[in-house]
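Subject: Structure handover and notes

Dear colleague,

I am passing on the structure we spoke about, with some notes on what was found in it. Please read the notes with the model open beside you.

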Amino acid sequence: MTPGGDVKFSELADEDISKVLSNKPTAEFPVTIAVARIQAPRYSNYRYSQNENQANNGNFTMILTRDANEEKQIQEIEKLQGIKQISPFNRLLLPYNYRTIKDLRLAAAKMKAQMLLVYTFDTEFSVDAKNFGPQNVFALGYLKNKEVKVRTTSSAALFDVHTEYLYGLTEATDEVEKKSYIWKENQDVDNLRLESENKSLEKLSKEIVKIWDGIYLEYKK
């Protein structure tokens, strides 16, 4: 099964233009950053089904567990100058019905965070150049002697918790491919997804480092 879709940050942000234009940065360094991975509503992939290790409410799904590579990348970002701590979201602090960035900001405020970092994966499968959208199912026999390509674009946005001021946006893309006469297990296919997402996240982490250097220089007091 192909994984669920990504989230467009613009669809979750405040739509009041006058308010967006009046938003100001308020964070004082060093900052605590709340971090969350969000995906399309009712997201799932081969490794876990809907409602497992995630929170499904409103306009998006929050993934509440991270694999080892995600932990590693977050730990590397946490070492940057001007960052006191990066904290994951806790299910107990989430609003019952969250629909927008504002709801995540509220939860981040309860964590005493000054900034909110959200990221998402847009992972696409193609088999011999035929694209498969989110949550498609295909049999292993269909993949026999075919080239499977997985492409992941990971995107991140950094917001001010108090005002929703947008400090920066960035994204990164990577892809992997494999051709095999026999695909023995579904796990073999899903391993391509994991590899693609991990490589994309590693690139995204480097891009976050780049924009953070500029953010810190511009907004430190």
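A residue is called buried when its relative accessible area is under 20%. By that cut-off S87, with a relative accessible area of 11%, is buried. S87 has its place in strand β4, which covers residues 83-88, and, once its neighbours within four places in sequence are left aside, the residues in contact with S87 are T32, I33, A34, V35 and M111.

Please keep in mind throughout that this is a predicted model.

As to the overall layout, the protein has four helices and eight strands, and from the N terminus on these elements run α-β-β-β-α-β-α-β-β-β-β-α. Of its 221 residues, 48% count as buried. Among contacts between residues at least 6 apart in sequence, 75% join residues at least 24 apart.

Next, the helix pair α2 and α4. The axes of α2 and of helix α4, the latter made of residues 186-219, come within 10 Å and cross at roughly 10°. Since angles under 35 degrees count as roughly parallel, α2 is therefore roughly parallel to α4. On the α2 side the contact is made by N69, E70, Q73 and I77, and on the α4 side by N198, L201, E202, S205 and I208. Sorted by class, this contact of α2 with α4 holds three nonpolar, four polar and two charged residues.

I77, in helix α2, is buried, with a relative accessible area of 8%. Apart from neighbours within four places in sequence, I77 is in contact with I83, I86, S205 and I208. The C-alpha atoms of I77 and V209 are separated by 6.7 Å, although these two residues lie 132 residues apart along the chain.

E70 also lies in helix α2, which spans residues 68-78. E70 is buried and yet has no salt bridge, the nearest side chain of opposite charge being that of R37, at 4.1 Å. The reasoning here rests on a cut-off, because a salt bridge requires a side-chain nitrogen of Lys or Arg within 4 Å of a carboxyl oxygen of Asp or Glu.

- The side chains of E76 and K79 meet in a salt bridge at 3.1 Å, N to O; E76 counts as partly exposed at 37% relative accessibility, whereas K79 counts as exposed at 62%.
- The side chains of E207 and K210 meet in a salt bridge at 3.3 Å, N to O. Because E207 and K210 are three residues apart in helix α4, about one helical turn separates them. E207 is partly exposed, with a relative accessible area of 26%, while K210 is exposed, with a relative accessible area of 54%.
- The side chains of K149 and E175 meet in a salt bridge at 3.9 Å, N to O. This pair links distant parts of the chain, with K149 in strand β7 (residues 146-160) and E175 in strand β8 (residues 166-180), 26 residues apart. K149 is partly exposed, with a relative accessible area of 26%, and E175 is also partly exposed, with a relative accessible area of 32%. K149 and E175 are linked with R151 and E177 in a network of salt bridges.

Finally, some points about the backbone. Most residues other than glycine have a negative phi, and most peptide bonds are trans. A cis peptide bond, with omega about 0°, joins F29 and P30, and P30 lies in the loop between α1 (17-22) and β1 (31-39). K112, which is not a glycine, has a positive phi of about 65°; K112 is found in the loop between α3 (101-110) and β5 (115-127), and at 63% relative accessibility K112 counts as exposed. E164, likewise not a glycine, has a positive phi of about 70° and lies in the loop between β7 and β8, but at 6% relative accessibility E164 counts as buried.

Technical notes:
Residues are numbered from 1 along each chain as its sequence is written. This is a predicted model: local features need pLDDT of at least 70, side-chain atom pairs count only at pLDDT 80 or more; totals for chains, interfaces and linings use all residues. Side-chain values use heavy atoms; hydrogens and water are left out. Helices (H or I, at least four residues) and strands (E, at least two) are DSSP runs, numbered from the N terminus. Buried means under 20% relative accessible area, exposed over 50%, partly exposed in between (1.4 Å probe, protein chains only). Lys and Arg count as positive and Asp and Glu as negative; His and the chain ends are not counted. Axes are lines fitted to C-alpha atoms, for helices over the stretch in contact, and angles run from 0 to 180 degrees between N-to-C directions. Angles under 35 degrees count as roughly parallel, over 145 as roughly antiparallel, 65 to 115 as roughly perpendicular and the rest as oblique. Contact means heavy atoms within 4.5 Å. Ala, Val, Leu, Ile, Met, Phe, Trp, Tyr, Cys and Pro count as nonpolar, Asp, Glu, Lys and Arg as charged, and the others, Gly among them, as polar.
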